[in-house]
Amino acid sequence: MLFSRRPLAAALHLAPLSPPLLLLFASASSSCSPAAAASASGSRDFDGCFQGISWLHSFPEQSLWISSGCTAVRMDSGAVETASTGAVWSTPSAEPRSISVGKEVFCNRSLNMRNITAVGFDMDYTLAQYKPETFEALAYYGTIEKLVKDLRYPEELLTWEFDWKYMVRGLVLDKKRGNILKMDRHKYVKVAYHGFKELSKEEKVAAYGSTLIRDSFDEPDYALIDTLFSLGEAYLFAQLVDFMDKNPGKVPAGTDYPLMYRDVRSAVDLCHRDGTLKRMVAKDPARYINEDLAIVPMLEMIRKSGRSTFLVTNSLWDYTDVVMNYLCGPYTSDVGSGLNHKWLQYFDIVITGSSKPSFFHDDNRAGLFEVEPDSGKLLNADIQASKFIGSPRSSHQHSTPVQKVYQGGNVGHLHRLLSVASSSQILYVGDHIYGDILRSKKVLGWRTMLVIPELEQEVKLLSESKSTRKELRHLRMKRDSIEDRIHHLEWSLKLDDVTENQKEKLFSEHDNLLKQREHVRRLHQEAQRQHHQKFHKVWGQLMKTGYQNSRFAHQVERFACLYSSQVTNFGLYSPNKYYRPSEDYMPHEFDVLGL
């Protein structure tokens, strides 16, 4: 039976999620992330909000000695480390402790913190680390309900289950073909699935390697999976691709892969607009957000070092207040005292509803409004020189502005409020390569730090696989050596002065070498497969695609001055630290230097 398609406009007046689904969500164990949405034109608001939506809107091999400060984090395996006492670099300690490699801050380009006068933070997935088992599941099942009730998809979708571990960041969705791709830094497709069916080498070449002009793999034909929140919609898209291939008559009439993806995006946005997700998180933040006791000590240390702190988030004030009150609550109020906005004392400026990444364009004409914290009312902002916080370098005492909570605006407003002389004096910490890091770095010249929660588990597994990597290098070199001998024999067989007896010996040796090469090839291929599956059963290492850096790793290297597994790792180092990158190496240097 075919279902007729309803216009999207007819689906805008939506009912909340059904009681059975709400009951399911309320009974879930622990969860995840805020929203990633898209603008009306289809461009992503990657910080987790849709403009106008109410709430969704270094030294790699060394051990550095300082005081302890491990906190709760989300890791790819689902494990969460136990929250510590919240110690940071400035915390007095009887004896120093080393920073584990998973907690290190890694450096791509030199950054002298003495040149930084203001440190800013995103909220969702940066200060607030969401639990994948509950929030992402909440959004996933809510999206399915919107597809069924408002976009006329079949009810059997309500029985589907969500595997929050299946997708990873850095993937690319091919909307036209219904494929999910993982590429290396050169944009060559190395791993590809149609729905949940892996494509063969021949199928990959036919789709992506046999054109005269290389594809850019950008919008509008492709969707970039660069936020943790978008993993759920990517998983749902793969499920729908499989479902439509097997049941073409069960989806709304006229549906193809691109339209199906747009339906998923629309359902995600609609799910956020009805306020259900916001209410669930506000009701029990601990169910959805990891506690991190080091956030307040880190912010206090930064401010005591003479720097300004600011928060720029796409979430609106009501949700921002709930989340930040929870994150800073143990340090600001007694349990049950309600929201008292005391967390604001740790920031000089708070900008909500910022609509990043468009916020980073100075020609963005979005109006700036003052937010009255108690009532949430918006007032026209009148930015006068007297309201500027002044240069924090002049004194450790911050001259607090008359108004510190705002909504909207653009980066020009923020620069005036902070009174910075140069954009390079700002360090901004965020979780999204496009919405937080790329634009702030490329357009403004801000210094940047990227939060990559998956990194902690990745480096742990890397440390455990040193012997495997040596074996892989050995097999690769052995394979190259055998192939060189084969090529030499094949060349010798072409010579005119080779006797028949010599040819017979050469052919016999050639056959043996071919068998050896095939044996080594299979050993190498299987060892490499097992190595990558140790990191992820489908997509392998986050930062690698085969022997090349992945597309995601390439973006991290290009646009993040610093990167680490969680925001409070920044508090494990001196606020005046000079971060220096490790040496770059070219391929010829590896051979010459024996690296």
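**Entry: a site from the record.** I began with UniProt, whose positions are given in the numbering used here, with shortened feature names and annotations that may be inferred rather than shown by experiment. I noted that this is a predicted model, where local features need pLDDT of at least 70 and side-chain atom pairs count only at pLDDT 80 or more, while totals for chains, interfaces and linings use all residues. Residues are numbered from 1 along each chain as its sequence is written, and side-chain values use heavy atoms, with hydrogens and water left out.

Which residue does UniProt list for "binding site"? I found Asp124, from an unreviewed entry. I located Asp124 in the loop between strand 7 (118-121) and helix 2 (132-150). Helices (H or I, at least four residues) and strands (E, at least two) are DSSP runs, numbered from the N terminus. Is Asp124 buried or exposed? Its relative accessible area is 0%, so Asp124 is buried. For these words I used under 20% relative accessible area for buried, over 50% for exposed and partly exposed in between (1.4 Å probe, protein chains only).

**Entry: the whole protein.** I counted 16 helices and 23 strands. Of the 595 residues, 55% are buried. The accessible surface comes to about 26,700 Å², and 52% of that belongs to carbon and sulfur atoms. These areas come from the Shrake-Rupley method with a 1.4 Å probe; for residues, only the protein chains shown count as cover.

Entry: I traced an open sheet of ten strands in the order 5-22-19-18-7-13-14-17-15-16, with mixed pairing. Its edges are strand 5 (106-107) and strand 16 (378-380), each pairing on one side only. Two strands pair if DSSP finds at least two bridges between them.

I stopped at strand 18 (residues 426-430), where five of the five residues are buried. Ile426, Tyr428 and Gly430 are buried on one side, and Leu427 and Val429 on the other. Strand 7 and strand 18 run parallel, joined by four bridges, and Val119 stands opposite Leu427. Strand 18 also pairs with strand 19 (residues 447-451) in the parallel sense, over four bridges; there, Leu427 has Arg447 as its bridge partner.

Glu370 has Leu379 in strand 16 as its bridge partner.

**Entry: Tyr406.** I found Tyr406 in strand 17 (residues 405-408). Tyr406 is buried, because its relative accessible area is 1%. What does Tyr406 touch, not counting residues up to four places away in sequence? Its contacts (heavy atoms within 4.5 Å) include Ile349, Val350, Leu368, Glu370 and Leu417. Tyr406 and Val350 are 56 residues apart in sequence, yet 6.1 Å apart in space, C-alpha to C-alpha.

Entry: I then followed an open, antiparallel sheet of five strands in the order 11-10-9-8-12. Strand 11 (197-198) and strand 12 (222-225) stand at the edges with a single partner strand each, so one side of each is left without a neighbour in the sheet. Strand 8 (residues 171-174) and strand 9 (residues 179-183) pair over three bridges, with Leu173 opposite Ile180.

**Entry: Val592.** My last stop was Val592, in helix 16 (residues 587-593). Val592 counts as exposed, because its relative accessibility is 68%.
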